[in-house]
Amino acid sequence: MSVALSILLPFIASAFIPFLYRRVTNIHLGWFVLVVPVVLFSYLATFIPRIASGKTFINTFEWIPSYDINITTYLDGLSMIFGLLITGVGSLVILYSIFYLSSKESLHHFYCYLLLFMGAMLGVVFSDNLMVLYAFWELTSVSSFLLIAFWHHRKASRAGARKAMTITVSGGVAMLAGFLMLYVASGTFSIREILANLEAVQASSYFVPAMCLVLLGAFTKSAQFPFHIWLPDAMEAPTPVSAYLHSATMVKAGIYLVARTTPIFGGHEVWFWSVSAVGLVTLFWGSFNAVKQFDLKALLAYSTISQLGLIMSLFGLGSAALSLGYSADTVIYTQATFAALFHLINHSTFKGALFMMVGIVDHEVGTRDIRRLGGLMSLMPFTFTIAVIGSFSMAGLPPFNGFLSKEMFFAATLKITQLDIFSLDAVGLIFPIVAWIASIFTFIYCVIIVNRTFFGKLQPDRLEKPPHEAPIGMLISPYILIALVIGIFIFPNVLGHYILSPAMASIYPSFPSVDELTPHIAAWHGYINTELIMTFGVVVVGIFLYRTLKKWRPMYQLIPQKYTLNGIYERVIGSSEQYSGALTKFYMNGKLTYYFIYIYVFFVAILAGYMVYADLFSWNPSNDSVIEPYELLLVFVMIAAAVAIIFAKQRITAVLLNGVLGYSVAFFFVVFRAPDLALTQLVVESVTTALFLLSFKFLPKLQPESGSKAWEFTKVTISIAVGATVTLIGLAVMNYDKFEPISAYFEDSYNLAGGKNIVNTILGDFRAFDTMLEVVVLFIAGLGVYTLIKLKAKKEGKDVED
Amino acid sequence: MESLMIVLIGILVAVATYLVLSRSVLRVIVGTAILSHAVHLLLLTVGGLKKGSVPILGQADAPFTDALPQALILTAIVISFAVTAFLLVLAYRMYLTNGSDDFHKLGGSSDE
């Protein structure tokens, strides 16, 4: 009940923002908004002891029960972590934004979007129903789109927002398809019920496709290789947004999805390899590219990508335990998952602090370009402290929490080499090596952040404002975060016991909760092990590479812009626009004749094609009536007149020949016992011919059809094909004589309708509706004719309608 | 007779198609007129030809020719007449406004 209310609260609050904005002008709007996450955080925190003792909370509100779509909130250890992160970091970010954004900005938009995002994010992590999860998932994409383009007058903001939207929504749609497959396989949208029915799901042929599609959604959202390209561009957003969405929450939605679906898919080889390999590639690629950035936020964006890859690969490694099944030996592989969860929290703390630090630097000196920064240490000592602690934690150095998770990461990659499933014995050694190399790059960019910003020479003439320390309000939030960075290092087991241990139970529901699932973290092992040596190596090699950075930096220029992932993305988007435009222009050329050709070709292809396919052509003249000589003559007259029209050079010839056709049709009506038709046809043909002649004065003379031979040939071919199709279908239809006609009924017209002319009784009595509407048609046509003649269009392009 | 009529109808349709594919408005209108002739004849033919006498009670004896297709054709003739008349006036207005009756010259707006 109450968990659902906590999802609802941000949405309700966001609805009141515009009213508050209008009423309250002297107090910064953020103070009111701040109440929401603080209340939610405290409320969720009250659940911690109960969750830690193994309880879960579930509530269902019926939404569309007939389709099994209900708003089911499920609070367990895993959603708890994310709920606390979202509300906790959310509170700090809003506090920070109060000092970061001036009241001149359109704050009501900003906080409205931010609250929408927060509510959507809480919805994602608390939903048990896949469809509801998807709905909130897309809402995070939309609100993030709005937040990235907050300064919508800037072109780069709009471009970044569009790119983020395109990539994350594509992944979201893939994920939706995966969810639907899961539904087909399991018969339910509820994650818990899918878990209860796991064997049927795993036996289904949809299992692997569903897995791949869900992973696609997770990878795009969490900026995994090669979908990471939207994240650096999303840095056009205001810094509080970058800190909140693009480091602590939204990019972790994909991680959450992977963690949440691990019990479903985790035991499969494809899952193990795609999650851990993609994570590892992302880890390396992100850290490698972060080193070459000059913009601090871009650097942090790539470092976020890299760290997300690290977490992702750890979840992949941890899933190995699921495929082995529970035993005392396999349980050590679950430590990778534990490390993932641990690093997830650590990353949110130090990355949030670092983004806020960059925001402060940007805010106080007016630039984020490391080539213009330097020597700020003595001027901004408090900011410097944040940078050092955040960076060193990110680099994995003691005494900060990043050190612990980095050690556990190394340990997990080392352990996985001892496995002999999934052909790991052959390539398993890649894991620790790539992890180690990526850690070196991580160390290098961490040093760059601190060194290039705060050491070296101050360049006052290249800064936009004289540098000075930030106001205290801006420093509160990052200081709380770095306090956590150190606090978690000192008391890691508090976090492990209360927060991480119940989450482990959510990821390994089939495992009995043993102590091995939640390892005791020791900050100092008391002895020297391989991980510690690896960390030592990272520092030594990292320092060496940083010193020689100038020498190997040109290596980054080796890949031309065209072949970077961004370049490829731009080219694919650009060329798809170009080619679809060219294709449309090619066939939609604005010429009526061409459209007629398309229609005729389809007519012939579909009808004649089907007739040939089903072998329906037949001709049986045995029931035909006798041909009289005068009928034959009439037929020849018509054919001659029709063919002559084609060659008519003058319009009078064409019209008169058309008259010949019309009168011949009237004669046929006479011959075929249809007196009413003959009368009507004679009159109508006379009037039509008169109309043609009347309009001659106003219409141009017939021009000779100037066309190439090929064009003429096309026209003739199509005409003959259409004529032949009609003929062949007509002949085949004549044999289709399965039922008696209903006309015998109308022959009783005198008794039924009091008329002796059967045709007239049909028109006036039996089927008078047709006649009425036909009169309406005539009436409308008359009105149309009158209007078209009477209404004179004005010259100079000024129409009467305007 | 029916088979012969259907061949005739096929030829009329082919001619109509050829004319509809022309560039000048007048030819297209004549094409549609011929197409409606063909359709009227087709309706009559597939209803069966000369299967009885004129469908007027008292004038002749049963069996009568099927009256239903005749009623349908009568409706169709009037409607196609209305449409042809309207098309002619439309062509007149088109020529007045654009100064051309060539569909290839009128084709589409140059670019959005």
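Q: What volume does the largest pocket have, and which residues are closest to its centre?
A: Keep in mind that this is a predicted model. The largest pocket comes out at a volume of about 890 Å³. It has 29 lining residues, and the ones closest to the centre are A:D737, A:P741, B:V46, B:G47 and B:G48.

Q: How many residues in the lining of the largest pocket are charged?
A: Sorting the lining by class gives 14 nonpolar and seven polar residues. The charged ones number eight.

Q: What volume does the largest cavity have, and which helices each supply at least two residues of its lining?
A: With a cut-off of 30 Å³ or more, the count is four cavities. The largest cavity has a volume of about 110 Å³. Among its 13 lining residues, A:V684, A:E685, B:S36, B:H37 and B:S80 are the closest to the centre. The helices are helix 30 (675-695) of chain A, plus helix 2 and helix 3 of chain B.

Q: How many polar residues are in the lining of the largest cavity?
A: Here the classes split into four nonpolar and one charged. The polar count is eight.

Q: How much area is buried between chain B and chain A, and what percentage comes from carbon and sulfur atoms?
A: On the contact side, 74 residues of chain B meet 100 residues of chain A. In chain B, the most area is lost by B:Y18, B:L21 and B:K50, together 10% of what that side buries. The total buried area is about 8,200 Å², and carbon and sulfur atoms give 75%.

Q: How many salt bridges does the rule find across the interface of chain B and chain A?
A: Over all chains, the count is nine salt bridges. Across the interface of chain B and chain A, though, the number is zero.

Q: How many residues apart in sequence are the parts tied together by A:R154 and A:E236?
A: These two form a salt bridge, with the closest N and O atoms 3.6 Å apart. A:R154 sits in the loop between helix 6 (130-148) and helix 7 (155-186) of chain A, while A:E236 is in the loop between helix 11 (230-233) and helix 12 (239-248) of chain A. So the pair ties together parts whose separation in sequence is 82 residues.

Notes. Residues numbered from 1 in each chain as written. Chains lettered and ligands numbered in written order. Predicted model: local features only at pLDDT ≥ 70, side-chain atom pairs only at ≥ 80, totals over all residues. Heavy atoms only, no water. 1 Å grid on protein atoms, 1.4 Å probe; cavity = no way out; pocket = protein on both sides within 12 Å on 5 of 7 lines; lining within 4 Å. Points joined across faces, edges and corners; volume = space filled by probe spheres on them. Nonpolar A, V, L, I, M, F, W, Y, C, P; charged D, E, K, R; others polar. Contact = heavy atoms within 4.5 Å. Buried area = accessible area lost by both parts, 1.4 Å probe. Salt bridge = Lys/Arg side-chain N within 4 Å of Asp/Glu carboxyl O. Helix = DSSP H or I, 4+ residues; strand = E, 2+ residues; numbered from the N terminus.
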